[in-house]
Amino acid sequence: MDPLLSIERLQMHFPLRSLIPWRAPRLVHAVDGVSLHVDAGETLGLVGESGCGKSTLARCVLRLIEPTAGRIRFADTDLTALGEEDMRRRRREIQMVFQDPTASLNPRLSVAATVDEPLALHTPLTAQARRARVDEVLEEVGLGAGLRDRYPHQLSGGQRQRVNIARAIASRPRLVVLDEPTSALDVSLRARVILLLGELKRALGMTYLFISHDLSTVRYLCDRVAVMYLGVVVEEASARELFDHPAHPYTRALLSCIPIPDPDAVQERLALAGEVPSPVDIPAGCRLRGRCPLAQPVCAEPVPVREVAPGHTVACHLV
């Protein structure tokens with residue numbers, strides 16, 4: 001069975017303007033040859049440090065920015081080959097929940113108008129049918145029709161993010177891209193939103209691409225996990241396999257930062273030295289080698305991608 005979303009060798013490079021007119025512009029390698037897939041009905045988690053290219057990849061999937069190279073297939077359609085009008089029609093099936101629940105809402109639109117907007121753009125429903133769908137979707141996300149006439153400034157942070165989720169699922173998309181949907185919320189609101197996403201997945205059969213740096217949330221919500229570092233995927237596996245048997249030093253370092261609620265537990269720590277290299281000057285070979293405490297001379301060579309277990313791939317010389 002073909003995946004619902006397939007990303008093949010995706011690149012997104014941003015040119016930097018040079019102060020010297022005759023010098024060729026340097027490139028920021030935000031996404032540098034990523035290949036991923038998401039099957040229908042599953043949740044793929046995409047994790048990594050800030051600046052590793054997760055949000056850029058998400059925006060490429062929806063063609064909010066045009067990728068430099070590579071191919072993005074959704075179902076049987078090559079999204080990178082679609083014109084602007086065709087892509088706009090296709091967005092009914094692919095929606096996104098952005099990181100900031102306040103900045104992603106129009107302060108001039110009420111809750112009802114916000115949720116109604118994708119219905120008016122992407123569905124043939126009448127005004128009466130759209131009003132009924134808006135009330136139905138607000139109930140699904142736990143807001144209720146009593147909030148339909150409120151504006152964003154009259155809502156809490158958790159309510160605003162529920163409005164964003166309601167807007168994303170109103171047109172019944174096949175894929176929802178969630179870009180750090182809980183990072184701007186406090187702990188209690190974060191838990192409610194995560195539980196809501198799980199309930200919607202079970203009730204509506206949603207497919208998620210879930211981008212986060214909260215590894216505990218990823219472990220709870222995701223079926224598979226891909227780990228990004230400096231524009232590339234360094235490890236990919238099922239959530240259980242990756243958290244139980246992390247193979248890449250970067251993954252092990254990330255997981256060692258998760259606090260364990262047991263004062264007597266002994267936790268292995270794998271500390272990375274220094275800072276993340278500039279995405280303009282990518283180091284040769286393994287991109288982690290300048291920070292990795294396990295680095296060997298072979299790490300300066302091109303990195304092979306190896307399958308260490310069924311469905312578990314790692315880009316590392318030392319595995």
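A helix axis is a line fitted to C-alpha atoms, for helices over the stretch in contact, and the angle between two axes runs from 0 to 180 degrees between N-to-C directions. This structure is a predicted model.

**Helices α5 and α6**

- Helix α5 spans residues 157-169 and helix α6 spans residues 187-204. They pack at an angle of about 20 degrees, and their axes are 10 Å apart.
- Because angles under 35 degrees count as roughly parallel, α5 is roughly parallel to α6.
- The crossing of α5 past α6 is right-handed.
- On the α5 side, the residues in contact are Gly157, Gly158, Arg162, Ile165 and Ile169. On the α6 side, they are Leu189, Arg192, Val193, Leu196, Leu197, Leu200 and Leu204.
- Sorted by class, this contact of α5 with α6 holds eight nonpolar, two polar and two charged residues.

**Largest cavity**

- The model has two cavities of 30 Å³ or more.
- The largest cavity holds about 70 Å³ of space.
- Its lining is made up of His248, Pro249, Cys286, Leu288, Arg289, Cys292, Ala295, Cys299, Cys316, His317 and Leu318.
- Eight residues of this lining are nonpolar, two are polar and one is charged.

**Second largest cavity**

- The second largest cavity has a volume of about 30 Å³.
- The residues that line the second largest cavity are Glu49, Ser50, Gly51, Cys52, Tyr229, Leu230 and Val276.
- Four residues of this lining are nonpolar, two are polar and one is charged.

How values were computed: Residues are numbered from 1 along each chain as its sequence is written. This is a predicted model: local features need pLDDT of at least 70, side-chain atom pairs count only at pLDDT 80 or more; totals for chains, interfaces and linings use all residues. Side-chain values use heavy atoms; hydrogens and water are left out. On a 1 Å grid over the protein atoms alone, a cavity is a set of points where a 1.4 Å probe fits but cannot get out, and a pocket is an open set with protein on both sides within 12 Å along at least five of seven lines; lining residues have an atom within 4 Å of a point. Grid points are joined across faces, edges and corners, and a volume is the space filled by probe spheres set on the points. Ala, Val, Leu, Ile, Met, Phe, Trp, Tyr, Cys and Pro count as nonpolar, Asp, Glu, Lys and Arg as charged, and the others, Gly among them, as polar. Helices (H or I, at least four residues) and strands (E, at least two) are DSSP runs, numbered from the N terminus. Angles under 35 degrees count as roughly parallel, over 145 as roughly antiparallel, 65 to 115 as roughly perpendicular and the rest as oblique. A crossing is left-handed if the near helix is turned anticlockwise from the far one by less than a right angle, and right-handed if clockwise. Contact means heavy atoms within 4.5 Å.
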